[in-house]
Each structure stands twice: as structure tokens, then as C-alpha cells.
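Have a look at the picture, then read on.

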Amino acid sequence: MSKWVEGTFYDNLDKFANSLGYENLGTAIHLSLVPWQSVADRDSFIRAVTEKDPQGGEGNLYSGLIQKGGNK
Amino acid sequence: MAGKGGYQAPENPAVQSGPGSLSQRTDGGPASTQTARYMAGGNYGDGQEMMDIQTSAPMAATPETAKPMPVEPQMQEMGNALPSLTGMTQRPWESETTPHNAPQQPDPRTQENNDLINRYLPDLKAALNFPGVPDSYVKFVNYLDSQVK
């Protein structure tokens, strides 16, 4: 069974939807499809846009991290 | 020889007086008096009594009504820009029965979001079974699910 993996589409969507607001679902989905270089890059983008730390939860289990960000 | 006493109206009053030695009397003309008017209502005989009173002596002319102030060109331009009460509507998309406080238009993102939800929700729900799914994601998907029901 698949596991919750940081930096995947689902993880990106969790961060963007909770950071930008559920009403901006379209924007959140499109930004979640962007091939971010790293979770750190993605989170830096969210900070630049919202002027806040990325919202959303962290999974209990992280396996096969695409790239370990330095901001977590 | 002494003349008659009291007010003597001129026999041929001028419409307009000239300057200085050319001055002429203008009183007593039709413009200096007003006609009697019958006033309806009141008790029996009041109307005739009022007519008798009015016709017993010439009444002073009605004072000239004030002329309207000339309209400044700037104000005239402003007036031209204002809509006319009887002109065509400037909001043709509204019904005549549209209330002043019309209900707010729905968020244009709503329809777009609904389309996205219908398209992505099955896949998003599948991720709920992933071990370690964060609570924020579960809450987010539940919100999307509530939007389509």
C-alpha cells in the first residue's frame, strides 16, 4: 500500500490548500502539480506568497522522501 | 384750481418709462393690477362676497417671480452626464423588479471548484487510506466531499 510521502502531489495539495484557503482549490491543485525542486523550494514559495509558514499537517510516516527540505 | 384728491390713475399709462425728462407714468396699466379670481368653497355667498371685495378696488400687480439662476456651463455639463428619469436604463441587465440591495453574485470560483472536486475527489479520497495521512488532509478532503453533497 502507498504511504504518505512528503513532496508528492497529495502532500503538496495538503500544504497549498491549507495555506491558500480551500476556496482557492484550483490554484492549489495547479501549484501541487508543479515539479518543485524540493519541499524547501515549495515551502519558500508558500512563504513568499502568503507571508506565513506553510499550513497543513505532517504525515506520521514519511518514507521514500523525494528530497529532504531544510525547513521542516 | 385745486385738483381731485387721492390717487389719480393716468389715462394712458406707458408700458415703460423713459429716462429723465422723458419719464412717463407706468402705473394704472394692465400690468399694475391683477384680475379678480373666484375662490371656490366656503359657505353660501362667500364666493360672491370675495368677488365683490376684489372688484371694488384695483389690486396691486403680482410681484414678478424670481427668474431662475443662470446655469454655469460646468454644472450644465454635469447635468448632461446625469441619467434622465425617463431615459433608457443604464443597467439593462437588471430586471425592473430587481431590489436595491440585490443579493450578491455567487463566487465565480464556486463552479470551477465544483468541477475540480468532481474530477479529483475520487483520487483524493484514495489517499485517505495512506498510512500517515495528516489530519489536515483528511479535514480538507472531508470539506471537498461536503461540497458536492
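## Two helices side by side in chain A

Let's start with α1(A) and helix α3 (residues 39-50) of chain A: their axes come within 11 Å and cross at roughly 10°. Axes here are lines fitted to C-alpha atoms, for helices over the stretch in contact, and angles run from 0 to 180 degrees between N-to-C directions. That makes α1(A) roughly parallel to α3(A); angles under 35 degrees count as roughly parallel, over 145 as roughly antiparallel, 65 to 115 as roughly perpendicular and the rest as oblique. Helices (H or I, at least four residues) and strands (E, at least two) are DSSP runs, numbered from the N terminus.

Which residues of α1(A) meet α3(A)? They are A:Asn12, A:Lys15, A:Ser19 and A:Leu20, and across from them sit A:Arg42, A:Ile46 and A:Thr50. Two residues are in contact if their C-beta atoms, placed from the backbone, lie within 7 Å.

## Before going further

This is a predicted model, in which local features need pLDDT of at least 70, side-chain atom pairs count only at pLDDT 80 or more, and totals for chains, interfaces and linings use all residues. Residues are numbered from 1 along each chain as its sequence is written, while chains are lettered from A and ligands numbered from 1 in the order in which they are written.

## Chain B and its helix pair

Chain B has 4 helices and 2 strands, and from the N terminus on its elements run β-α-β-α-α-α. Of its 149 residues, 5% are buried (20 or more other C-beta atoms within 10 Å of a residue's own; 12 or fewer is exposed, and in between is partly exposed, with C-beta atoms placed from the backbone).

Helix α3 (residues 108-126) of chain B packs with α4(B) at an angle of about 130°, their axes 10 Å apart. The two are therefore oblique to each other. On the α3(B) side, the residues that meet α4(B) include B:Asn114, B:Ile117 and B:Leu121, and their partners in α4(B) include B:Val141, B:Leu144 and B:Val148. By class, this contact has 6 nonpolar, 3 polar and 2 charged residues (Ala, Val, Leu, Ile, Met, Phe, Trp, Tyr, Cys and Pro count as nonpolar, Asp, Glu, Lys and Arg as charged, and the others, Gly among them, as polar).

## Where the chains meet

The contact between chains takes 20 residues from chain A and 16 residues from chain B. On chain A's side, α1 and α2 each supply at least two residues, and α1(A) gives the largest share, 4 residues. That side divides into 9 nonpolar, 7 polar and 4 charged residues.

Is B:Phe140 buried or exposed? B:Phe140 is buried, with 21 other C-beta atoms within 10 Å. Leaving aside neighbours within four places in sequence, B:Phe140 is in contact with A:Asp14, A:Ala17, A:Asn18 and A:Tyr22.
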